[in-house]
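User: I would like to go through the labels used for this model and ask what each one rests on. Please set the values against the cut-offs.

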Amino acid sequence: MYNLQLGEIKALSIVRLFAQNKEDKKRVEKALSESGLPTGKNDTISQTKFQFEDFFSFYKSLTQRTEVQKIFNNLTGGKAHLSANQLVDFLNEVQRDPRLNEILHPYADIQRAKDLIKVHEYNKYHQQRSQLTFDGFLRFLMSEDNPIVAPNKLDLCDDMDQPLAHYFINSSHNTYLTGHQITGKSSVEIYRQGLLAGCRCVELDFWNGRTEEPVIVHGYTFVPDISAKEVLEAIAESAFKTSDYPVILSFENHCNPRQQAKIANYCRDIFGDMLLDKPLDSHQLEPGGELPPPNLLKNKIIIKNKKKHHHHHKKEDARGSEKDALPQGNGEVAHVSVCKESSSSESSESSSEEEGGEEACEPGGEGEGAGGEPARETHAAAEISALVNYVQPVHFSSFENAEKKNRFYEMSSFDEKQATTLLKEKPIEFVNYNKHQLSRVYPAGTRFDSSNFMPQVFWNAGCQLVALNYQTLDLAMQLNLGTFEYNRRCGYLLKPEFMRRKDRRLDPFAESTVDGIIAGSLSVAVISGQLLTERRTGTYVEVDMFGLPADTVRKKYRTRTVPNNGINPVYDDEPFVFKKVVLPELAMVRIAAHEEGGRLVGHRVLPVLGLCPGYRHVGLRTELGLPLPASLLLHVQVKDYVPGRHSELAKALENPIKYQTDMERRAHQLAVLTDDTEEPRAEAPPPRPTRVLGIGNKNVDGSPIKTAVEKKDNEIATVATEPEKILPEESESKFNGGNETQEDINKTLEELLNSKIVKEKKADLARKLDALRRKNTKPRPVAAKFFVKRLSTRNMAEETEDGGGAEAERELRLRYHHAIYAALDKQLRLDHHHQMKHLTVRVVGPPKEGDIESVGELQEGGCEDTGEECAGQGRTTEEEEGDRLRVREPRRDGMLPTGESTQAELRTALTRTRETASCAAQTSRPGVAGVEAAVWRLVRRPSPPAFAPSPEHLCASAC
């Protein structure tokens, strides 16, 4: 590559160094060209022209971050630098958690932006002008100033003064094993590695050694044993290197009393002051108390072993043979059908260890050997029993019994199957039990391959010691290591408050929002990857969530596969949205990068509650939890969950000023579009004489006949000064509508539309339209009190309706048009009804009783206005009654009289009608024919009503 004699570098050598195929060759040549370096096959580069700055420029061109350049351009508007004010906006609007309190977590200011520019901008020219170039922006995105998790989460952030039962404790199962449960190997070194990784509870299975020295081995298997003393020394050496908080040693003791005494002496000699051999003065072993907090137990080793109770010796002797026949329990759930349930006194004395006793009651337990023979745990010797205090394993009978005893220092252990049964049957009781007592869950004895169950299942129930096989780095173990990475890897994580307080209730299977807990919403967009793998293969990323069953989402979100690129693949997929996270404090997000074939490249477990929003680089971890150079660029959005029906209200409350501004802007835009849709106002037509409508005639008794319109406004009155003389022939023709012209109809409509009721409706419509327009266009002052009122749930609905603009105006116009039409129709119908009623009485005679008022009532008063007696008005009551009887008789009988009698009667009726019309003419009022013509012009009906006589009939009768 380098010619020492000439001091030159071949361009071809650079291409071969970085390129493995034709596509890579093109990319390298392009990067050389963009850096101003030669790319030809025989070209050479002088050493003086290939300094570090030249190489760095070539490296940046080769590893282009186009996705970051796109983000940068969006922020700057295409400019080459980002100003300090733009950086402040970016920090506050994109990179800030909207849920944070602005007093406890102040917004970024201009000084913060200048400090970041000073650190990450290497160009002095731009640095002095408080400008951030693309290179500086990229350095900021990948720096510790832009973490994916809140920095305090990685530090010691939990309150360590709570009782020990209020913490999740990092625990190991069969810690001595390095592989298979039956054919694997044991190792002392694995204890060191586990403790250095943050494990705070390790397991030791003691058995009698051949040389009177206790050993640690998996009983009745092919696993080789290791020295118990060496294990205790390794624990003493590594216990508090990573964390100062207490270590619990879970003893499963199968040794005889002599070797148990040796174990006790080793513990005292090797651990020294680290050994907690008696309870603290402030936390005595009395029922109703609480376990001491981790802060009081710093650098202390706690022994968990069955304890011997001396005050029950006499009872034990009396039941000697029976008790010896029953193995000691290990705190697990035993089957009542196989094992006799101990009495309350025996339960208190038969303190039990994890696996030994249960296996006798329940084959297939943890201590079971290869041949299926249960490994019975021996009685505790006095020496080792004296070392046990705060963690005393007992046989579990029921949650009710444990609550009744209320002994905080007693604990029980369950294999995963038994714990699952309890969780399904009594989930709330299981959670309450774990609020004041410790519980340990370990893998079932059938997991010979040392596989693990998912620990999240039992964390949801509040189980503190969820023990896993550390030698198997499967998904469950990766989740365990990732979870305990936080709180300074101390091995203790404080449980959420609702899992600690006795006055709170939690159902691990809850699907709706838990009372008092604000559900969250999370969106994760995977933009790109960096240095994922050196192999030429496709890659993809999976995003999973673990928490309550309602929150857990697995194998659902996966990016597309980017082929043949493990260096800088760009995924840029749609965001993965976890719309509702019921309990964010218990939820964890796992982001894993895989090769195309499924091989894990790296992963990271992140707590939902500590995620930082915005554009963030997340460094990946190996299966062991060790950091990798690989990273992913994510766009994270976190917020509180809001149901869909309240989303608009939530947006308004987040930023009320922006919301109000948007509403006013939209209203103004709608007003611009809808201004010209208003109907033009018709010009007033020139005044012209109109004919008198037949409204205002007098009744038969001389009183004026007023219509509904006239009663309301008195505006559809006559304009002519003289009454129009109407002949009978004209009356008949007009009554039939034959001579009615279009001009008459137009005049009638014009007078109707100019009536008082129509004018009032139109004026009311104009006022409401004007108010609606002012409401949509009037600028309103922005004040806190205003927003408190405006952003209520009721007013939000009103705001949405009023902001409709043109739609609201159209609805208002349509509503008033319908109202005007209905009012006029009602008036016309009422006019028609009244006038036809009077005409019927005059022409045909009075109707039946009960139909309308009697003729006498209608005629009462006569022609009082003129002071003259009208012709035909002076008849006696007997004559009137006779007329009524003659008219009603054919109706009553249901038969028409003969033609002659009918003709005579109709002639008499017509004569009376003409006399009445003549009387009306003398009083300067239109006659009946005028009334009939006016009514028909108003309603514009093709034929008279059924109950009125036809003009032809009247004419024939007159003849």
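User: What makes Asp415 a cap of the N-terminal end of α19?

Analyst: The model is predicted. In it, a side-chain oxygen of Asp415 lies 3.1 Å from the backbone nitrogen of Lys417. A polar contact requires N or O atoms within 3.5 Å, so the pair at 3.1 Å qualifies. Asp415 therefore caps α19 at its N-terminal end.

User: Which residues of α19 are buried, and why are they said to be on the same side?

Analyst: Helix α19 spans residues 416-425, and its buried residues are Glu416, Gln418, Ala419, Leu422 and Leu423. Around the axis they cover an arc of only 165 degrees, which puts them on the same side of α19. The face turned away from that side carries the exposed residues Lys417, Lys424 and Glu425.

User: What do the buried residues of α19 pack against?

Analyst: Their partners are α18 (399-405), β13 (410-415), α20 (427-433), β14 (439-442) and α21 (456-459). Contact here means heavy atoms within 4.5 Å.

User: How do you know that the buried residues of α2 line one face?

Analyst: The buried residues of α2 are Asp24, Val28, Ala31 and Leu32. Viewed down the helix axis, they fall within an arc of 100 degrees, so they line one face. Lys22, Glu23, Lys26 and Lys30 are exposed on the other side of α2. The buried residues pack against α1 (11-18) and α3 (52-62).

User: What is the span of α2, and what is expected?

Analyst: With 13 residues (22-34), α2 reaches 18 Å from its first C-alpha to its last, close to the 18 Å expected at 1.5 Å a residue. Gly36, which follows α2, has a positive phi near 80 degrees.

User: Why are His173 and His218 called buried?

Analyst: Buried means under 20% relative accessible area. His173 has 3% relative accessibility, so it counts as buried. His218, with a relative accessible area of 6%, is also under the cut-off and therefore buried. His173 lies in the loop between β6 (167-172) and α10 (189-196), and His218 in the loop between β8 (215-216) and β9 (226-227).

User: Where does the "active site" label come from, and what makes the residues a cluster?

Analyst: The label is a UniProt annotation from an unreviewed entry, and it covers His173 and His218. They are spread over 46 residues of sequence, yet the largest C-alpha distance is 11.5 Å, and on that value they cluster in space.

User: What does the side chain of His218 reach?

Analyst: The side chain of His218 reaches the backbone oxygen of Gln181 at 2.8 Å.

Methods
Residues numbered from 1 in each chain as written. Predicted model: local features only at pLDDT ≥ 70, side-chain atom pairs only at ≥ 80, totals over all residues. Heavy atoms only, no water. Helix = DSSP H or I, 4+ residues; strand = E, 2+ residues; numbered from the N terminus. Expected span 1.5 Å × (residues − 1). Buried < 20%, exposed > 50% of the residue type's maximum accessible area, 1.4 Å probe, protein only. Arc of directions from axis to C-beta. Polar contact = N/O pair within 3.5 Å; in protein donor to acceptor, adjacent residues only side chain to side chain. UniProt positions renumbered as here; feature names shortened; annotations may be inferred.
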